Amino acid sequence: MESFYRTHNYLIEHLPPLVHRELMDEIRWEDRLIGIKGTRGVGKTTFLLQYAKEKFGLDRSCLYINMNHFYFTEHSLEDFAGAFVRQGGKVLLIDQVFKLPHWSKDIRTCYDKYPTLKIIFTGSSVMRLKDENFDLNGIVASYNLRGFSFREFLNLQAGLELPSYSLEEILSRTEEITANILKHVDPLQYFKDYMHHGFYPFFLEKRNYSENLLKNMNMIIEVDVLLIKQIELKYLSKIKKLLYLLAQNGVAAPNVSQLATAIKTSRATVMNYIKYLADARLINMVYKEGEDFPKKPAKVLLHNTSLMYCMHHQIEEQDVLETYFVNALWKDHKVDKGEKDGTYLVDQEISFKVCSPQKKIKRNPHIYYAIYDSNISNRQQIPLWLFGFLY
């Protein structure tokens, strides 16, 4: 037990100052069982440690453990939790919980057996904490930690504390909000950097960003997708090739038959693999209004613009703009394909067109225009970067 405390204290003491994540204020910390999902690389470990540092410091009633530790190949989580509680432990932070073979049953056992213990655990975005885990149904509060929003990136880079806004606020108070932000900073000076490398927090590390991101993407497929979805290793190359082909296809509807031929599998398997890649937050699927999986999506986009710059040799500006827009709205809103190119229907009622100011467009009074590379805002025109303030 003492070795775990030493590790915990070292990690807390050497935690670098980071931007305050919006999710920290959204979680009901009084709940006894909290699951935090997120794709690999978005900062789940740092998030747990930030919580421990802010709420407990070096108080021994809180302890961080990682299921990668070889200790848990020989000892059960139940026994460890019991020893922790007997020593006065109250909050157990469990990282990489899915590395335990029967993690949900183990968590449930600890939850039932130690009623004074609060458990907060992290897991992959591929996991289904409720609809596929009957052990935790009705007792777990599930949250998603996303990569940095443009607002979080901007706050970190410019040393600011700009607030987030709801979509309703952005639409109804566009000019006011834009003017308030411009009093402090010109977002356009940071926006291209964000789209290139701002989504994943490891841009802060002194390593090659693209190489780090490629390594991260491979780990997502090799560990998260294959392990959690229980896919045989021999199919790994097919899934990787599928992701590459989808990325090279740009923002478009996938040709499932061609993809099936290219990776030598069935159409049904291609659709399942596409769903796994979406669950892993490597791609986003956009459907026509009223449609959803298992139907073929109307568009497939990479999950965020950082992935685009990592995977593409040539990038279309319009694809980047649409990828950013869909990713920004994806957290709390339903995004469907609009009637025309570059248009999207949000929450089945609000129409948007994503475009650059250089493109001549015939204005439609029923559409909001998300304009790239512009700070100009009015009733219909909204700077594209402002959608990065939704969280």
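Q: Which residue is the bridge partner of Ile65 in β3?
A: Ile94 is the bridge partner of Ile65. Bear in mind that this is a predicted model.

Q: How many bridges join β2 and β3, then?
A: β2 pairs with β3, residues 91-95, over 5 bridges, in the parallel sense.

Q: And what is the strand order in the whole sheet?
A: The order is β2-β3-β4-β1-β5, an open sheet of 5 strands with parallel pairing. β2 (62-66) and β5 (141-144) each have a single partner strand, so they stand at the edges, and one side of each is left without a neighbour in the sheet.

Q: What does the twist average?
A: From one strand to the next, the average is 20°.

Q: Which strands does α3 lie across?
A: Helix α3, residues 44-55, lies across β1 (33-38), β2, β3 and β4 (118-124). Relative to β3, α3 runs at about 165°.

Q: Switching to α10 and α11: at what angle do they cross?
A: Roughly 130°, with the axes of α10 (residues 209-228) and α11 (residues 236-248) coming within 11 Å.

Q: Left-handed or right-handed?
A: The crossing of α10 and α11 is right-handed.

Q: Which residues meet there?
A: From α10, Met217, Asn218, Ile221, Glu222, Val225 and Leu226; from α11, Leu236, Ile239, Lys240 and Leu243. By class, the contact between α10 and α11 has 7 nonpolar, 1 polar and 2 charged residues.

Definitions and conventions:
Residues numbered from 1 in each chain as written. Predicted model: local features only at pLDDT ≥ 70, side-chain atom pairs only at ≥ 80, totals over all residues. Heavy atoms only, no water. Pairing = 2+ DSSP bridges. Helix = DSSP H or I, 4+ residues; strand = E, 2+ residues; numbered from the N terminus. Axes fitted to C-alpha atoms, helices over the stretch in contact; angles between N-to-C directions. Contact = heavy atoms within 4.5 Å. Left-handed = near helix turned anticlockwise from the far one by under 90°. Nonpolar A, V, L, I, M, F, W, Y, C, P; charged D, E, K, R; others polar.
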